[in-house]
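I opened this entry to keep track of what I looked up, in the order I looked it up.

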Amino acid sequence: MVLRRTARIGFLFSLPAIVFFILFLLIPVLSTFFLSFTEWKGFDLANIKFAGVSNFAELIEDKIFFISLKNTLLFVAFTTVALNILGYIGAAIIDSGRRGTGFFKNALFLPVLLAPIIIGIMWSRMLDAFGIVNQLLKAMEIIKMPILFLGDQRIALYTVIGATIWQYLGYDMLLYYAGLQGVPYELVEAATIDGASKWTIQLKVIIPSLSPVIAITMLLNMIGGFKVFDIVYVMTAGGPNNSSHVFATYLFQQAFRFNRMGYASVIAIVIIVFSFLAAIIRLKLVRQEE
Amino acid sequence: MIYLAGAVYLVPIIWVISLSLRSKKDVFSTIFFTRELHLENYFIAWKTFNFNLLFLNSCIITCVSVVIVLVVSSMAAYAFSRLKYRGSEFFFYAILLGMMVPPAAVVIPLFLIMKNLGLYNTHSALILAYIAFGLPIAVLIFRGFFLSVPAELIEAARIDGSSEVNTYLKIIMPLSTAAVATVTIFSFMQNWNEFLLALILLKDKLLYTVPVGMANLVGQWDSPWQLVAAGVIISSVPIFTVYLLIQDLFIKGLTAGAVKG
């Protein structure tokens, strides 16, 4: 009797969360699949037409989609690798406990607090033809003509990647720093007594015992990379000449600039598939921890 | 050395501050140090960007959504940890999976749903979306915390005839201030800086949040650099202030998403 009563109350307690989940997450995800088979003009759902798999067929032929796929993968790969390596080095520096580490930590963490949109605005100005970077390069007579960091097809994406790394380095650093606090001191001491060099201790003792932190940090960076939108939108909007599109900016362009919501839904499905793969890995990690 | 490395890292921000204090003439001629300080740029930027309104909008949307997330997620987490029922595990993992849905993947149906509910171009639309996206991680954090509360405490309350609602309100929640702080900071940052959903669900300039308002003005016409720079600084001051006041809580709150999986 008592059990059934608490069960009912339990259900009622969780009901609001379940309703939100169904209305604004589950239904949207399911309708994305439905929308990907349709086509319509404008925002009026009354004009919706079934389009079969034509959207999917178009996607396979779409050069810009494949550019966005390549760019998203490059974005994920570069940011994840750089953030983890530099984050680890940063963590080792603050862990050394030398003077100035408090300031160093705050300096690196500061950009994490800012909206990506703000970072984008800052860096666009800095790297502009008239910005400080080109000013300095000119003053040092390294270049004669300004480098168009965001206007050159070959480097625009990497410029955005650089700004992203600058923003989130402090975040990864703190995750690694927290991880370093959990490395058993006895292990390091034992290795030192055995005459292991500093480098050997880093490689053979500290890094292996950080493996759970490495896994979760890399996963978080990858998830963040797959859904990146803000900073690309504000720095390049996918340009020049569509060369720096990622999934989310291309989807936005198709759906809200060209009014092609059916086609954009196919791109949404690609994002969902990637996210779902990451979700499975993440749930595994959560369960391992429990 | 370490001080120097930290300072070099902040060069972009120092440059923006320097930019924000320059006269129109000096914007492109000076590299780093300005001769004159033009503090009035801040007043002009405040007016041009209409920060009164932007901050008010961002505050309303962020605060309302954070409060509702706190209530709804802690209730659900209590059910998923201490009032389990058949199917509660299923719902818990379903909601967790929701954490993995990036806003970009569902903006189209969300936009259509809000249009059909008549909520498009209202603050409510954005608040509802922020709650939905904020719940999963909040439920996870609260559930982890509630599981660490000794079961005897809850048993004892039950035997004393305390109702479940009473136990949740009078015993569980007062013990959980740490979790409340973590969830508050995490969702506050998330919503305060959010851009994509705000860009899509709001049309009226009078409803814009800080990020959308900034992006809109900066992109719209070639705004004078010194004003853009002042705007960047103004929009960042609130979050810096809060961070400096409660640094440790902040770091804990922001890294919670990682530690908790």
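Entry 1, a helix pair in chain A. I looked up which residues meet between α4(A) and α7(A). From α4(A) I listed Leu108(A), Phe109(A), Pro111(A) and Val112(A). Across from them, α7(A) brings Trp166(A), Gln167(A), Tyr168(A), Leu169(A), Gly170(A), Tyr171(A), Met173(A) and Leu174(A). Sorted by class, this contact has ten nonpolar residues, two polar and no charged. I then took the geometry: the axes of α4 (residues 101-113) and α7 (residues 156-181) of chain A come within 7 Å and cross at roughly 115 degrees. The crossing of α4(A) past α7(A) is left-handed. I note that the model is predicted, and that holds for every entry here.

I counted 14 helices and zero strands in chain B. Its C-alpha trace spans about 75 × 55 × 25 Å along the principal axes. Of the 261 residues in chain B, 50% are buried. For contacts in chain B with a separation of 6 or more, I found that 79% join residues 24 or more positions apart.

I find 68 residues of chain B in contact with 78 residues of chain A. On the chain B side, helix α6 (residues 103-116) gives the most, with nine residues. That side of chain B has 56 nonpolar, nine polar and three charged residues.

Which residues touch the most other members of the largest nonpolar core? They are Ala129(B) and Leu135(B), in a core of 167 residues. Helix α7 (residues 123-147) of chain B supplies the largest share of this core, 18 residues. Leaving out residues up to four places away in sequence, I have Ala129(B) touching Phe24(A), Leu110(B), Leu197(B) and Leu201(B).

Most residues other than glycine have a negative phi, and most peptide bonds are trans, so I looked for departures. A cis peptide bond joins Gly239(A) and Pro240(A), with omega about -10 degrees. Pro240(A) sits in the loop between α11 (230-235) and α12 (247-257) of chain A. Asn241(A) lies in the loop between α11 and α12 of chain A, and its phi is positive, near 55 degrees. I call Asn241(A) exposed because 10 other C-beta atoms lie within 10 Å, and the cut-off for exposed is 12 or fewer.

In chain B, Asn121(B) has a positive phi near 65 degrees. Asn121(B) is in the loop between α6 and α7 of chain B. With 14 other C-beta atoms within 10 Å, Asn121(B) is partly exposed.

Definitions and conventions
Residues are numbered from 1 along each chain as its sequence is written. Chains are lettered from A and ligands numbered from 1 in the order in which they are written. This is a predicted model: local features need pLDDT of at least 70, side-chain atom pairs count only at pLDDT 80 or more; totals for chains, interfaces and linings use all residues. Two residues are in contact if their C-beta atoms, placed from the backbone, lie within 7 Å. Helices (H or I, at least four residues) and strands (E, at least two) are DSSP runs, numbered from the N terminus. Ala, Val, Leu, Ile, Met, Phe, Trp, Tyr, Cys and Pro count as nonpolar, Asp, Glu, Lys and Arg as charged, and the others, Gly among them, as polar. A residue is buried if 20 or more other C-beta atoms lie within 10 Å of its own, exposed if 12 or fewer, and partly exposed in between; C-beta atoms are placed from the backbone. Axes are lines fitted to C-alpha atoms, for helices over the stretch in contact, and angles run from 0 to 180 degrees between N-to-C directions. A crossing is left-handed if the near helix is turned anticlockwise from the far one by less than a right angle, and right-handed if clockwise. A nonpolar core is a set of buried Ala, Val, Leu, Ile, Met, Phe, Trp, Tyr and Cys residues joined through C-beta atoms within 7 Å.
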